[in-house]
Amino acid sequence: MHESHGDLRSLSSSLFIIILHFLYEIMAVHGPVVKIHPVVLASIVDSYERRNEGATRVIGTLLGTTDKHSVEVTNCFSVPHNESEDEVAVDMEFAKNMYELHKKVSPSEVIIGWYATGYDITEHSVLIHEYYSREAPNPIHLTVDTALQSNKMNIRAYVSSQMGVPGKTVGVMFTPLTVKYVYYDTERIGVELLQRTRASPSRTNGLTTDLAQVASAAGRVQEMLTTVLSYIEDILSGKVMADNSVGRFLMDLVNKVPKITAEDFESMLNSNINDLLMVTYLANLTQAQIALNEKLVVL
Amino acid sequence: MCFGPFPLHQTMASRKESAASGSSPLETPVKQIQIDGLVVLKIIKHYQEEGQGSEVVQGVLLGLVVEDSLEITNCFPFPQHTEDDVDFDEVQYQMEMMRSLRHVNIDHLHVGWYQSTYYGSFVSRALLDSQFSYQHAIEESVVLIYDPIKTAQGSLCLKAYRLTPKLMEICKEKDFSPEGLKKACIGFEIMFEEVPIVIKNSHLINVLLLDLQEKSTVADKHELLNLSSSNHLEKSLQLLMDRVDDMNQDIGKYNTYCRNLSKQQQQKQQYLQRRQQENTQRQSRGEPPLPEEDISKMFKPPQAPPRMDTLLIAGQVNNYCQNIKEFTSQNLGKLFMAEALQGHSS
């Protein structure tokens, strides 16, 4: 079977790079980069929604793996705690137990820090952070603003560092870190599906059938093509300055469609189609056969 | 590896009484399943991290029953069984996990379990047994089958199955002989029923998703538009061929059983006839007739092969065929798109 190697696929990925070029923003902060998986954030939001009466925020442990320059957060669980004006109590036994249970499933995950919902870092956070520094070297503190103070869910990560005069008054300062979202491929596909629930008013979404999926993927590529086309129109009419790097990407894009002679392409296409049709025929035949066998036995 | 809801009999006993009195065996208690986005992400993560290779990963689903739909709000994974971990106690792990989750207000009601599959091969005896024990204890439980390979090809493949009431009855009686199955008229198509799935997200999660979409710089790889299909097709066809071979053997066994049975009937008839003849001869000579001997003791009927495996194999073959057909139809569509792109109007 001939395969036109990722024809459509590479086309769409180069299209995406062009789009990305317009939207990319760079944040530069020093310290280890914190890479978060979306499942962690969803867990945090869910435990915030299930918090006890009267609690303003929830805290929990972050699990994951550390690297030389980065920390990857892959899992988390919430820890019950009580917070009032003067004191804070964290159920440490619970935290230890849960960590043991989680370790049975994924032995490679370690405690790398803790999270709290809410916008600010309070004094209680300092105490809790101290507890966690006993569990992990240099723990990360993650805040997720679920109260949406600035109309956005600000997700920030901090690491603590000493400040002050050594020997006399020593304090702790939380320095911010860069936060990146990482996905496994399958996670990305899952998140994409979840994004679609935003559109429907009842916040629900079913899973689509086979051909409809291909149609929607093609639709997405079509959208991207129209964006690029409108950009080119703008350049041609002089509204926007031409950018050489984008031009190079465009040339890449056009060259991605492979130049094959008509007869070769016909034969490749036909042989592929024949293979697929034959397999469909065989599958139908097998199904008919087992149905027949079923009826014969029951006779 | 199959596990069942052992610790739940206390909590579930009261519910079972009320359920058994109300529902008739024909109506299905669950018409639709509503899954939280969080559960989907957790299942994906579990397979991705712990399930590389062709091992299946399993876990427990937690949630609640709302009228005629089942809501799944959380889940937790089950650790893999290793040979050197003999003293691992499944029940204890489950109990501890559920107790801890109760402290943080997560629904601790067991409503089912999930399992990953390799190219759609999940119709097996182990699955049947597990699901039967779950459904016996909790009427609304389902098994979620997550297909990671199909998901990696472009779109999430998550299906929910339950055992049909007919199959439940058969499993209860453990009567797997041909006569038993004929009585219940069960076919491979009515073994499992698929329940439609709907994904639901709360408002806060929607805000989170919005945020993620803005800030995320991960490029979309568009696996769904991939044209290369031979690898996947080869593997699927290989599995299908293996199953068809199994089915063949099974059919052969059943045929030999049928032949043996009919041969035995013939022998019985011949014996009876001979007996009759001898008896008439003896009577004509004035001697007492020979005593009637117990025929059934002389000709022991051959053992009927259990038909449950055949049903399972047939169900599995059916499943493979469905998957293959879906895959080929998608690829045909993609090929025609590629043709249009090439611009050769033919």
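Tutor: What follows starts with a strand of chain B, moves to a helix and ends at the interface between the chains.

This is a predicted model, in which local features need pLDDT of at least 70 and side-chain atom pairs count only at pLDDT 80 or more, while totals for chains, interfaces and linings use all residues. Residues are numbered from 1 along each chain as its sequence is written, chains are lettered from A and ligands numbered from 1 in the order in which they are written, and side-chain values use heavy atoms, with hydrogens and water left out.

Begin with strand β3 of chain B, residues 69–77. Helices (H or I, at least four residues) and strands (E, at least two) are DSSP runs, numbered from the N terminus. Nine of the nine residues of β3(B) are buried; buried means under 20% relative accessible area, exposed over 50%, and partly exposed in between, with a 1.4 Å probe and protein chains only.

β3(B) pairs with two other strands, β1(B) and β2(B). Two strands pair if DSSP finds at least two bridges between them. Strand β1 of chain B, residues 32–36, runs parallel to β3(B) and is joined to it by four bridges. Strand β2 of chain B, residues 58–66, is antiparallel to β3(B), with eight bridges. β2(B) and β3(B) form a hairpin with two residues between the strands, where B:Glu67 takes a positive phi near 50°.

Next comes helix α2 of chain B, residues 37–50. The expected span of a helix is 1.5 Å times one less than its number of residues. For the 14 residues of α2(B) that gives 20 Å, and the end C-alpha atoms are 20 Å apart, so the two agree. Because 11 of the 14 residues are buried, α2(B) is largely enclosed by the rest of the structure. Among the buried residues are B:Leu38, B:Leu41, B:Lys45 and B:Tyr47.

B:Lys45 forms a salt bridge with A:Glu109, the closest N and O atoms being 3.1 Å apart. A salt bridge is a side-chain nitrogen of Lys or Arg within 4 Å of a carboxyl oxygen of Asp or Glu. Between chain A and chain B the count is two salt bridges. There are also 10 residue pairs in polar contact across this interface, both residues at pLDDT 80 or more. The elements of chain A that give two or more residues to the side touching chain B include α1 (7–23), β3 (70–79) and α8 (262–298). α8(A) supplies the largest share of that side, 20 residues. A polar contact is a pair of N or O atoms within 3.5 Å; within protein, one must be able to donate a hydrogen and the other to accept it, and residues adjacent in sequence count only if both atoms are side-chain atoms.

As for the interface as a whole, 97 residues of chain A are in contact with 104 residues of chain B, where contact means heavy atoms within 4.5 Å. The two chains bury about 9500 Å² between them, 67% of it on carbon and sulfur atoms. Buried area is the accessible area (1.4 Å probe) that two parts lose on being put together, summed over both.
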